[in-house]
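Me: I would like to work through a fold feature by feature. Please show me how to read each one.

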Amino acid sequence: MHISRRAVAAAAVLATVLPLSACGGGSGSDSSDASGKVEGKITFQTWNLQANFKDYFNGVIADFEKKYPGTEVKWVDRPGEGYADKISADAAGGTLPDVVNVSPDLVAPLAKAGLALDLDKAAPQYRKEYLDGAWKSHQIPGTEGTYAFPWYLNTGPMFYNKRLFKDAGLDPQKPPTTYDEVFADGLKLAEKSHGKVATLANVPTIEDFGRYGGQLMNKEGTGFAFNDAKGVELLTHYKELYDAKALDPQALTATPESSGHKFLTESVAMNPGSALDLANFKKQAPSLYKNIGITDQVSSTGKANMYVMGVMVNAQSKRKPAAVAFAHYVTDATRQMEFAKQVAIFPSTAGSLDDPYFTKEDGTDETRVRVAAAKSLKTAVNYTPVLFSEQMKTELRNQIAKALQGKQSPKEALDNAVKACDRLLQQS
């Protein structure tokens with residue numbers, strides 16, 4: 001039940017990238033002091049935003065420079081491809097910008113190298129301005145501190161096909177919201193349709209293990225723990241779905257696009273998505289659109305998953321007061337609200353999601369999805385561990401595929417995945 005990255009506007013890249021290689025860099029032992037006059041020239045680096053949001057950011061920079069006379073902000077935008085490598089090279093070469101747009105997985109190695117400013121020490125007065133789950137998303141297991149201001153968030157609801165539920169004798173007004181309900185309804189859907197209708201089109205991801213209530217890492221951040229009893233239980237249920245054809249047979253090689261197509265052609269009953277998908281359904285699949293249901297992400301913890309972007313301050317910046325002030329300015333409630341109205345993202349600032357823009361329906365599909373997503377974000381958490389890399393995701397997926405195919409037990413699969421991920425963790 002992976003939330004498709006299509007839920008995020010292409011310009012506002014939220015894809016998790018490969019972890020940084022070892023960065024090198026100073027200790028940063030005295031780097032937490034950000035007091036002093038806000039002045040001087042700083043560099044602000046974003047990630048694939050200039051093409052579509054040039055006017056917005058130029059406006060933010062002009063307003064900041066007006067508020068703080070004597071400051072100058074140079075804006076640099078990097079393409080999405082190779083962004084992690086670029087940051088790694090800058091970190092190693094001592095050329096990391098003062099303020100950097102990051103995702104949580106990019107922060108972790110920078111913090112370990114003493115290059116990410118600890119905001120709990122340098123700017124604790126701002127913490128209360130942000131949603132608790134968003135602030136915590138840039139914390140690293142086994143390490144004290146928070147290493148970036150939370151910026152924009154994203155999540156997505158779960159779509160379901162009311163007609164398919166009704167045909168299986170299930171209540172189309174009461175879609176499953178927990179994993180146990182999905183498993184029970186999934187087996188009924190498969191049985192009633194003689195294996196023609198699957199409930200899901202994706203194998204479980206690390207987020208599913210989190211939303212199921214399992215432990216993902218040990219508290220020290222030195223090893224993974226998703227092979228606990230909860231994790232094995234989850235994968236065992238997915239194996240049951242797979243055997244009953246309640247999990248689409250092509251789930252082992254599915255992409256968000258292929259899963260979306262299965263839902264579009266009404267051979268899968270549930271799929272995550274966004275307002276962009278609704279417009280697509282209306283155009284390409286009127287019969288599906290007529291029967292579309294929108295519900296919360298499936299979760300047994302009562303909390304949805306959020307994707308989060310952040311703005312980090314270089315702990316070795318020579319203009320730390322200005323860098324902290326600007327990072328806060330870009331991510332404050334006013335600026336985030338303005339940005340959220342330009343692109344399908346959500347602010348991480350406390351109270352912003354209570355704005356009528358995120359709470360009032362106006363009859364349009366776009367608003368319907370926005371309101372549903374905003375509601376879930378108030379208590380959402382970023383389940384993907386900040387230390388979980390793309391390579392680790394591949395290891396987990398490969399082992400899960402073997403378990404679903406019956407080549408090894410769910411317990412063996414998760415034990416092997418944890419071993420492989422722990423090995424990668426030690427190498428990072």
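Reply: Start with a loop. H194 sits in the loop between α7 and α8 (206–211). Keep in mind throughout that this is a predicted model.

Me: Which loop holds K245, and how does its backbone read?

Reply: K245 is in the loop between α9 and α10 (256–264). Its phi is positive, about 65 degrees, although K245 is not a glycine. With 46% relative accessibility, K245 counts as partly exposed.

Me: What about α7 and α9 themselves? At what angle do their axes cross?

Reply: For a helix pair, take distance and angle together. The axes of α7 (residues 179–192) and α9 (residues 229–243) come within 10 Å and cross at roughly 15 degrees. That angle makes α7 roughly parallel to α9, because angles under 35 degrees count as such. The crossing of α7 past α9 is left-handed.

Me: Which residues of α7 and α9 meet?

Reply: An α-helix has 3.6 residues a turn, so residues three or four places apart point the same way. On the α7 side the contact uses Y179, F183, G186 and L187. From α9 come L234, H237, Y238, E240 and L241. By class, this contact has six nonpolar, two polar and one charged residues.

Me: Now α11 and α16. How do their axes cross?

Reply: Helix α11 (residues 275–284) and helix α16 (residues 365–377) have axes that come within 8 Å and cross at roughly 145 degrees. α11 passes α16 in a right-handed crossing. A275, L278 and K282 of α11 make the contact with D365, E366 and V369 of α16. Those residues divide into three nonpolar, no polar and three charged.

Me: How many residues of α3 are buried?

Reply: Count along the helix, then look for what covers the buried residues. Helix α3 (residues 104–112) is mostly covered, with eight of its nine residues buried. Among them are P104, D105, L106 and V107. The buried residues of α3 pack against β1 (40–47), α2 (83–93), β3 (99–102) and β8 (307–313). After α3 comes G114, with a positive phi near 75 degrees.

Me: How many residues are in the largest nonpolar core, and which have the most contacts inside it?

Reply: The general rule comes first. In soluble globular proteins, nonpolar side chains tend to be buried together. The largest nonpolar core here has 124 residues, and F226, F326 and F339 have the most contacts inside it. Helix α13 (residues 320–331) gives the most to this core, with eight residues. Leaving aside residues up to four places away in sequence, F326 touches I42, F44, V60, I61, F64, V73 and V99. Apart from this core lies another, of nine residues, including L264, F281, L288 and I292.

Me: One last residue. Where is Q125, and how far is its C-alpha atom from that of Q427?

Reply: Q125 is in the loop between α4 (119–122) and α5 (132–136). At 43% relative accessibility, Q125 counts as partly exposed. Q125 and Q427 are 302 residues apart along the chain, and 36 Å separates their C-alpha atoms.

Technical notes. Residues numbered from 1 in each chain as written. Predicted model: local features only at pLDDT ≥ 70, side-chain atom pairs only at ≥ 80, totals over all residues. Heavy atoms only, no water. Axes fitted to C-alpha atoms, helices over the stretch in contact; angles between N-to-C directions. Helix = DSSP H or I, 4+ residues; strand = E, 2+ residues; numbered from the N terminus. Left-handed = near helix turned anticlockwise from the far one by under 90°. Contact = heavy atoms within 4.5 Å. Nonpolar A, V, L, I, M, F, W, Y, C, P; charged D, E, K, R; others polar. Buried < 20%, exposed > 50% of the residue type's maximum accessible area, 1.4 Å probe, protein only. Core = buried A, V, L, I, M, F, W, Y, C linked by side-chain atoms within 4.5 Å. Parallel < 35°, antiparallel > 145°, perpendicular 65-115°, else oblique.
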